[in-house]
Amino acid sequence: MKPLLAALALGTALTAPALALARPVTMTTTLNTYGGDGAYLALYVTDQSGAYAGSLWMAGGKSKYYKHLSGWYRATGGDTSQVDGITGASVGQGRTLEITLDLADALFDAGYTLHIDAAVEDMRDSPNEIAVPLTTGNSGTPVAGRRYISSFVYDM
Amino acid sequence: MKKTLTFLLVSTTLTAAVGVPSWAAVQSMATSREHDPNALADDAVAGGSLILASADEDEDDDHGRGFLSKFRMGHDDDDEDDDDDDDDDDSYGSAQSPAPAGSVAPPQNGLFGNGAPPKVQMN
């Protein structure tokens, strides 16, 4: 009985910190009716020095178009492994993309910035369309994009 | 004895009536397949090797130019369907395309926890 209790206690002790270090964050991106095809969007994070820290989502599955997400592409060299498992379909005009991710607590209030690059076929690229500091204070506050994105908000 | 002979005669007649046309049809097919390119291709496929009419059917003929640049620079007047890139955004799994969400775990880039997998919804 004692070994079983010890194993359960150890398991709980190991699991609890992991659960506490991350939280679900919902990111909602609404596009304008810009009169074009579906938009490719790259959501990625830079640290306090502006260096690329990692990708959070890629909307659009064809890697040959990623060069038009120029901020993301410059940071990653177009490395598709950066978006393995976090890639979905492109987003049509006027539509809303809602993603819920289990994100590390360390991302918030630590100088990280979330960026969104956007590109639409036959239209101008829009790197860094959104740039919003990841803080608990900014949670729930909508941000307007420059060209294709009507609004972006994250909730935690 | 008569019964036996009658039986043999009938069976021989039936065999000849069914067998000769069948044999003739087989011979005819063998002759025609020698000159039928489709049949040759079928045989090649069945044997494990493909005969390709052209190996230059890569739809991605805009390498180095990008999917927007051809529109900015104008069409190249070749009347080819070089705008067929946007019709299958959901076709994942090619050599260079990333793994779609749900098929593998998110990258270990320190941004994600180990909890729930990503959820996505389009409205």
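Author: What follows takes the sheet, then the interface, then the salt bridge. The model is predicted: local features need pLDDT of at least 70, side-chain atom pairs count only at pLDDT 80 or more, and totals for chains, interfaces and linings use all residues. Residues are numbered from 1 along each chain as its sequence is written, chains are lettered from A and ligands numbered from 1 in the order in which they are written, and side-chain values use heavy atoms, with hydrogens and water left out.

Reader: In what order do the five strands of the open sheet in chain A lie?

Author: Strands of a sheet pair through backbone hydrogen bonds, in a parallel or an antiparallel sense. Here strands are DSSP runs of E of at least two residues, numbered from the N terminus, and two strands pair if DSSP finds at least two bridges between them. In chain A the order is β4-β3-β2-β6-β7, with mixed pairing. β4 and β7 (126–133) of chain A are the edge strands, each pairing on one side only. β3(A) and β4(A) run parallel and are joined by two bridges; A:A59 has A:G88 in β4(A) as its bridge partner.

Reader: Which strand of chain B pairs with β5(A)?

Author: Strand β1 (residues 119–122) of chain B does, in the antiparallel sense over four bridges. A:T100 has B:K119 as its bridge partner there.

Reader: How many residues of each chain are in contact, and what area is buried between chain A and chain B?

Author: The size of an interface is often given as the accessible area lost when the parts come together. That area is found with a 1.4 Å probe and summed over both parts. Between chain A and chain B it is about 3,600 Å², with carbon and sulfur atoms giving 54%. In chain A, the residues that lose the most area to chain B are A:K62, A:D102 and A:E121, together 17% of what that side buries. Counting contact as heavy atoms within 4.5 Å, 46 residues of chain A touch 43 residues of chain B.

Reader: How many salt bridges are there over all chains, and how many between chain A and chain B?

Author: A salt bridge is a side-chain nitrogen of Lys or Arg within 4 Å of a carboxyl oxygen of Asp or Glu. The count is one over all chains and zero between chain A and chain B. A:R23 and A:D105 form the salt bridge, their closest N and O atoms being 2.7 Å apart. The pair links distant parts of the chain, 82 residues apart: A:R23 is in strand β1 (residues 22–31) of chain A, and A:D105 is in the loop between β5 (96–104) and β6 (113–120) of chain A.

Technical notes. Buried area = accessible area lost by both parts, 1.4 Å probe.
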